[in-house]
Amino acid sequence: MDYKIIAHPNNSLSPKGAILLMMALAAITLVVGLGFTLAGAWLVMPFAGLELLAFGYAFYYVYLHTSDFESIEICENTVVVESKNYKTSTRLEFQRYWTQIMLREVDGGQTGIFIGSHGKELEFGRRFLDDEQRAKLTSELKEKLRTIK
Amino acid sequence: MSTTTVAHHDDHHDHHPTGLMRWLTTTNHKDIGTMYLTFSLIMFLVGGAMILGIRAELFKPGLQLMKPELFNQLIGVHALIMIFAALMPAATGFANWMIPLQIGAPDMALPRLNNWGFWLLPPAAILLTLPFTLALFGIGDGALATGWTFYPPLSIQGGIGVDFAIFSVHILGISSILGSINIIVTIFNMRAPGMTMMKLPLFAWGWLITAFLLVATIPVLAGAVTMLLTDRHFGTHFFDAAGGGDPILFQHLFWFFGHPEVYILLLPVWGFIPQILQTFARKPVYGYKAQVYSFWAVGALSVVVWAHHFFTAGMPVPALLYFMYSTMAISLPLAVMFFCWIKTMWKGSMSFETPMLFTVGWIILFGIGGLTGLVLADVAADAQYHNSYFVVAHFHYTLFAGGIMGMMAGVYYWLPKMTGHMYNEKLGKLHFWLTAISFNLTFIPQFFVGLAGMPRRIPDYALQFAEFNMISSTGAFILGLSQLLFVYNIISCIKGGEKATDKVWEGAQGLEWTLPSPPPYHSFTEQPVVK
Ligand code: HEM
Ligand SMILES: [Cu+2]
């Protein structure tokens, strides 16, 4: 491997932290809900429950995506582009010599990095990079493809 | 060479439609922030127009313009719109724009949910105001006429306006919860490496506490209005004394939500005010930790003081004392914050661009709001002031000065960042002075008529209050018209104007000022890690 770049989310909340946070939220909501139920206003409870379900789902969703990433690897003869989005993993290999890197305008005036050869093409850097970083990465990739041998 | 086909993952960034579809489907935090802020501005004008109708009616004693029923409806809908459709969305709009930028995240954690959170708002606003239109066609008797507080038995006897308002509140509640989920998850999970909790910008901290308060209180509000609904239509008697229920229970439920709500609206403002102060005093924020702890203290206290809103409803004396002292205790963390704001300016090299003018004006006027709150917190005094115009003046110093004028400071502060252009500074300053002066002209007289015994929510009043009401109405019209300057300044700033630099303000600090103005469509995405 000559060169590899990986873009992935930072996940500043650990799974353990997520559980603690969820427990704190549940504690707040349930104490309030129970208190009012005791005072006769039991209809607070269903809403408290719905709210906690929504939170639970949100944390679960985030958890499922913790190991998402996108990567480009430049090897001796190939360029390998991988990405993972929840369960969908993709991997595409190009012949290094023929690989072209292009920065093109896409819908909405943004740029996208396109990697391709032989009529196959793939977009990179949509999820974790912005325009500026994409521009930088494009020139870097072009450079690397040419120079490292 | 082996290949697999690239499944086009269902991802929110895949294509970028233009025109109306872009706004309907967008999951970009800045687009959504912009929609929240735009919606907020529009509803601010709608709610303002309603209350000018009220002030026109109150210009002179006697009934001139409208029937008392319509008067009551306009007052209640004005308040609900200002709280839920103007202030709340302004805070959420800034959160969407700035929190990802400030904590170094590529976007909000749950972009699609974010889109839903916004698009629930317009239907809710329509539901709330539709009964006015329906009444014109002879359907129903107009919007809810109970004031924004929905007290039974009036709300149980009221017409379809109450039902519409109940559904509207449900939808608004869902929207708020979706927003809170997103903000909590974003702040906890999407921070850039090195951005620890105790390095979070105060705005993010303020919003985090706001989100926790929403989580604690929205289910109570939703439950309370649902119980109203079942009392109205399904034969329950939660709040009906004749059926063994208790109307005061509703007041407990409502204010358990309603009191924290006022801090829900203000915590985000308390978050960005120090950032503005530090920018224009060219000194770092004084007492960052003290302010974070004060946020926590206010947040915690705010859920245990609710009954100060109905001291006069009848409570055991120990309860009265408890709610009096706990309410007064809120002024302690507030005093800490005031101290920190002043100390941040102390001996700074200050300049008074529009955001700073609004901020300094904000500190003074919000201070008056807090102090008059203390007056009301006194159980003995409140027996006199409750339900009088004094209360109205108090909460406008906190919510118009403390809330809306704070948001205006934020708008002027961040607008150049968001649009890439400078606003018109002269117009901005003119807007500030007109707003500050006419605001006081409107509300100082209300303290006086309140002390003299003029009750709130009445379309007619005794002759002795005539002069002060005339002054107040005059102030209100100047205040309302001045806001057109604000709208004009914003629109021309979006359309063009002098280019803003990335940093915009000489003394600006924080991650959001390191991005180009306006920031790229996706900001601060994860820095590629090069191995
Ligand atoms: C130390 C600070 C404060 C104290 C001690 C305080 C105390 C009170 C009390 C006792 C009342 C009830 C008066 C009555 O109805 O007889 C009241 C009403 C009210 N306060 Fe405050 N307050 C404070 C700050 C605030 C802030 C910061 C806000 C808003 C952001 C606010 C918003 C309101 C509103 C909206 C009402 C009236 C609600 C209604 O009846 O429609 N207050 N305040
Ligand atoms: Cu209160």
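Helices (H or I, at least four residues) and strands (E, at least two) are DSSP runs, numbered from the N terminus. The structure is a predicted model, in which local features need pLDDT of at least 70 and side-chain atom pairs count only at pLDDT 80 or more, while totals for chains, interfaces and linings use all residues. Residues are numbered from 1 along each chain as its sequence is written, chains are lettered from A and ligands numbered from 1 in the order in which they are written, and side-chain values use heavy atoms, with hydrogens and water left out.

Helix 15 of chain B (residues 389-419) contains B:His394. Donors are N, O and S atoms within 2.8 Å of the metal (3.2 Å for Na, K and Ca); water is not among the atoms, so sites may look incomplete. The copper ion (ligand 2) lies 4.5 Å from the iron atom of ligand 1.

Two helix pairs of chain B were examined, with axes taken as lines fitted to C-alpha atoms over the stretch in contact and angles running from 0 to 180 degrees between N-to-C directions. Helix 3 (residues 68-103) and helix 5 (residues 121-136) of chain B pack at about 175°, their axes being 10 Å apart. These two helices of chain B are therefore roughly antiparallel, the term for angles over 145 degrees, whereas those under 35 count as roughly parallel, 65 to 115 as roughly perpendicular and the rest as oblique. Contact (heavy atoms within 4.5 Å) involves, among others, B:Leu70, B:Leu74 and B:Val77 of helix 3 and B:Leu128 and B:Phe132 of helix 5. The residues of this contact comprise 9 nonpolar, 2 polar and no charged; Ala, Val, Leu, Ile, Met, Phe, Trp, Tyr, Cys and Pro count as nonpolar, Asp, Glu, Lys and Arg as charged, and the others, Gly among them, as polar.

For helix 2 (residues 29-57) and helix 4 (residues 111-119) of chain B, the packing angle is about 10° and the axes are 10 Å apart. Helix 2 and helix 4 of chain B are therefore roughly parallel to each other. Residues making the contact include B:Tyr36 and B:Phe39 of helix 2 and B:Phe118 and B:Trp119 of helix 4. By class, 7 are nonpolar, 4 polar and none charged.

In chain A, 3 strands form an open antiparallel sheet in the order 5-6-7, where pairing requires at least two DSSP bridges between two strands. Strand 5 (100-105) and strand 7 (120-124) of chain A are the edge strands, each pairing on one side only. The twist from one strand to the next averages 30°. Strand 6 (residues 111-117) pairs with strand 7 of chain A over 5 bridges, and A:Ile115 has A:Leu122 of strand 7 as its bridge partner.
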